[in-house]
Amino acid sequence: MTQITLPRPDDWHLHLRDGAMLEAVLPESARHFARAIIMPNLVPPVVTGAQAAAYRERILAGLPAGMRFTPLMTLYLTEETDPADVAAAAAAGIVTAVKLYPAGATTNSASGVRDFDKVRGVLEKMAEIGLPLCVHGEVTDPAVDIFDREAVFIERVLDPVRRATPGLRVVMEHITTKDGVDYVRSQGEDLGATITTHHLIINRNHILVGGIKPHYYCLPVAKRESHRLALVEAATSGEARFFLGTDSAPHADPAKESACGCAGCFTATNTMPLLAHVFEAEGRLANLEAFASRNGPAFYRLPVNSETLTLEKTDTATHWPAKIFGGAGPVTVFDPGFPVFWHVTP
Ligand SMILES: NC(=O)N[C@@H](CC(=O)O)C(=O)O
Ligand SMILES: [Zn+2]
Ligand SMILES: [Zn+2]
């Protein structure tokens, strides 16, 4: 038996949704993670400080008795966002970051940004107060191939926006390419990146070979194997600017198993055992602590959690429920497609 104990991990990119879905998925995250950056892409989106405060209350109210979990709230950046509201929400401790969705890039992103000149005032205010911008980094130009959208976003949008706003602290969310890894490494300390669990495990073949697998479909879509390998190398390197953001994104099964299925993988339940597997396979288990517990707080200028989490490896494969059930319908838990021998100790 092998064991590893880490400071309790955090999830720096999480979709908790609302209502019945929130109630079903919240314990799955709270069981292992101390804090999470909560994505604001509800319908309608969380755009003001008051809405973020109300959403935080709904999350805390949904937490089962005996569980501790701190939701770190974000605001959904729109072309109408008021810099003063953002600054007030940050000063009051209501929001930890602002989220940029290019309009139409992903699930519930219709209110996102089309014209970056319209958000210049907000970005400048954020640079001034040190509030991070979390970015869904894909262009939405229909002429750009879906597998190239991250690389093109870096060149056409991200790099120009960062140059135009010196001091802006940016997290490239859920990077999926070697281009993303290389860009982060080429830049200074004001740029970080989250990497998801599933992008360390699947490539585009997993989605498309032998029949289409809707539960492996997420955005940004998984890329070819060479990109997955670059992500694994970066995540397991221990380097400070790469940290865990699961992007666990629940959709009820009928919405995924459909002629037009939703994007999102649900990994809240089994992320920590899966990461232990991936890091051990690289001979880098010792760096799991950096990736899951230390680098995120360092970037967000928050303390590392004082509580711990222990993972244990046994001779028998770990089993998770294939689905979790709640009022919003069944949600399929991400299946890595190979046996995993790690579990989180109770
Ligand atoms: N990752 C996804 O595939 N889906 C996310 C949105 C997002 O993070 O882009 C969702 O909200 O369902
Ligand atoms: Zn996204
Ligand atoms: Zn997401």
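**Surroundings of the annotated binding site and the nonpolar core**

In the predicted model, Ile 195 is in contact with Ile 175, Leu 200, Leu 231, Ala 234, Ala 235, Phe 242 and Leu 244, residues up to four places away in sequence being left out; contact denotes C-beta atoms, placed from the backbone, that lie within 7 Å. Ile 195 is, with Leu 75 and Leu 133, among the residues with the most contacts inside the largest nonpolar core, which has 96 residues; such a core is a set of buried Ala, Val, Leu, Ile, Met, Phe, Trp, Tyr and Cys residues joined through C-beta atoms within 7 Å.

The UniProt annotation "binding site", from an unreviewed entry, covers Lys 99, His 136 and His 174. Because no two of their C-alpha atoms are more than 12.7 Å apart, although they span 76 residues in sequence, these residues gather at one spot. Lys 99 lies in strand β5 (residues 95-100), strands being DSSP runs of E with at least two residues, and is buried, with 26 C-beta neighbours inside 10 Å, where 20 or more are required. Beyond four places in sequence, Lys 99 contacts Met 39, Pro 40, Thr 74, Leu 75, Tyr 76, Leu 77 and Cys 134.

His 174, by contrast, is placed in the loop between β7 (170-172) and α6 (178-186), helices being DSSP runs of H or I with at least four residues. His 174 is likewise buried, with 28 other C-beta atoms within 10 Å, and its contacts, residues up to four places away not counted, include His 13, Thr 194, Asp 247 and His 199.

Residues are numbered from 1 along each chain as its sequence is written, and chains are lettered from A and ligands numbered from 1 in the order in which they are written. Local features need pLDDT of at least 70 and side-chain atom pairs count only at pLDDT 80 or more, whereas totals for chains, interfaces and linings use all residues.

Note on methods
UniProt positions are given in the numbering used here, feature names are shortened, and annotations may be inferred rather than shown by experiment. A residue is buried if 20 or more other C-beta atoms lie within 10 Å of its own, exposed if 12 or fewer, and partly exposed in between; C-beta atoms are placed from the backbone. Two residues are in contact if their C-beta atoms, placed from the backbone, lie within 7 Å.
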